[in-house]
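Let me put the structure up, and then I'll talk through the interface and the pocket.

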Amino acid sequence: MKIAVTAMESSLDSLVDPRFGRAAYILIIDTQTLEFKAFDNHENKNAFKGAGIQAAAMVSHNEAKVLLTGFCGPNAFKTLEKAGIKVVNDQSGSVLDLIQKFNQGNVVFADQANKDGHW
Amino acid sequence: MIISIASGKGGTGKTTVATNLAISLEKDVQFLDCDVEEPNAHLFLDPTIVKKEQVVAFVPQVDLEKCTFCRKCMDICRFGAMAVLKKDVMVFENLCHSCGGCFAVCSENAIMEKERSLGTIEHGVMDHISFTNGRLEIGQVMVPPIIKKVRSFTNFETITIIDAPPGTSCPVIAAMKGADFVLLVTEPTPFGLHDLKLAVETVKLLGIPHGLVINRAGLGNDDVKSYAKKQEIPILMEIPFDKKIAKIYSNGQMIVDSLPGYREKFQELFDKIMQLMENRENR
């Protein structure tokens with residue numbers, strides 16, 4: 001299965017970036033083979049508004065089924081929900097550890113955003 | 001003849017000057033309250049509202065039957081208002097600025113225009129004043145279209161007084177552009193001066209003749225006066241820092257109706273503006 005993880009750097013050793021829409025990188029990872037693609041999110045990071053929405057569309061486009069991140073705002077959450085992508089919030093530590101945790105089923109799927117929108 | 005009353009800093013007395021000026025004139029006046037985020041001139045002028053109308057903008061509505069999910073609309077949107085998913089498109093109406101980019105790039109004609117309400121316009125009358133104001137709807141952020149709508153009712157046959165919003169960004173530009181004269185209202189405090197400088201830069205950029213009213217004169221220091229002298233901005237009126245005036249304002253009343261001599265002072269202010277305009281034309 002493909003999952004998306006927000007990351008500070010473009011590798012699996014990276015720490016999880018707590019932000020979703022404005023994360024440095026978004027990694028799309030195959031949970032079985034650990035093959036991954038790193039997407040530079042820097043254009044979104046500096047977006048005036050709607051960063052979370054754009055990041056969510058990008059995750060959907062790359063066919064990830066789950067997003068693991070720190071904080072996910074309301075617009076991003078709504079978009080992900082509509083795209084049928086499950087969200088796991090409040091994550092930190094290394095990306096690799098997080099994938100392991102996910103593969104062991106040690107995560108809780110969110111039923112709402114855990115961050116207010118930016119105004 | 002359009003006189004736009006602006007300030008830079010908020011709370012310097014734009015509405016006080018605008019409303020008292022309008023009431024003092026002994027001829028037909030049009031009053032446009034363009035401070036659409038917090039219109040309050042009606043509280044002082046108390047016009048009888050005769051007509052209300054909506055201000056609308058268009059937001060995209062996507063026909064999923066026609067959509068090929070090509071993402072062109074999402075890519076052109078500078079405001080992140082569209083999300084193209086695998087088999088769905090989401091539109092975030094509150095982020096949309098109605099620029100029309102998505103309509104233009106859609107090669108499938110899958111995007112239709114849907115109306116969204118931005119705010120309301122009210123028209124009213126009070127004695128010799130014909131009154132129009134705009135009011136931004138709660139949750140909406142697009143201010144200039146409402147100001148432009150208010151200004152579309154400008155009657156070029158009479159004197160038009162515009163109560164502009166504070167600041168120096170798009171809304172203020174929308175309320176000043178095309179005016180014949182900008183009356184800047186400031187207070188003699190460091191904050192007043194700081195924002196006055198920004199406002200003066202804006203007015204100069206627009207190339208509109210301007211003059212100054214110092215409200216709460218006697219407060220603070222003389223820095224505003226020295227600045228005005230240096231910039232050659234005429235000081236057309238000073239309103240003293242007076243508890244009586246504050247009280248009149250807080251009761252929603254007019255200075256010119258409550259204190260002797262002020263009607264004449266505001267008429268004088270108008271004459272000075274007309275004089276400046278004439279001198280300019282003769283040059």
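When I say contact here, I mean heavy atoms within 4.5 Å. By that count, 14 residues of chain A touch 14 residues of chain B. Keep in mind this is a predicted model. It scores ipTM 0.80 and pTM 0.78, and for chain B the mean pLDDT is 95, with 100% of its residues at 70 or more.

So how much area do the two chains bury between them? About 1,400 Å², and 67% of that is on carbon and sulfur atoms. Over on the chain A side, the residues that lose the most area to chain B are Gln54(A), His61(A) and Lys82(A), together 31% of what that side buries. There's some charge pairing too: the rule picks up two salt bridges across the interface. Glu63(A) and Lys86(B) also meet through their side chains in a salt bridge, at 3.3 Å, N to O.

Which elements supply at least two lining residues each? From chain A, that's strand 3 (36-40), helix 1 (42-45) and helix 2 (51-61), and from chain B, helix 3 (72-76). Helix 2 of chain A gives the most, with four residues.

How values were computed:
Residues are numbered from 1 along each chain as its sequence is written. Chains are lettered from A and ligands numbered from 1 in the order in which they are written. This is a predicted model: local features need pLDDT of at least 70, side-chain atom pairs count only at pLDDT 80 or more; totals for chains, interfaces and linings use all residues. Side-chain values use heavy atoms; hydrogens and water are left out. pLDDT is the predictor's confidence in each residue, from 0 to 100. Buried area is the accessible area (1.4 Å probe) that two parts lose on being put together, summed over both. A salt bridge is a side-chain nitrogen of Lys or Arg within 4 Å of a carboxyl oxygen of Asp or Glu.
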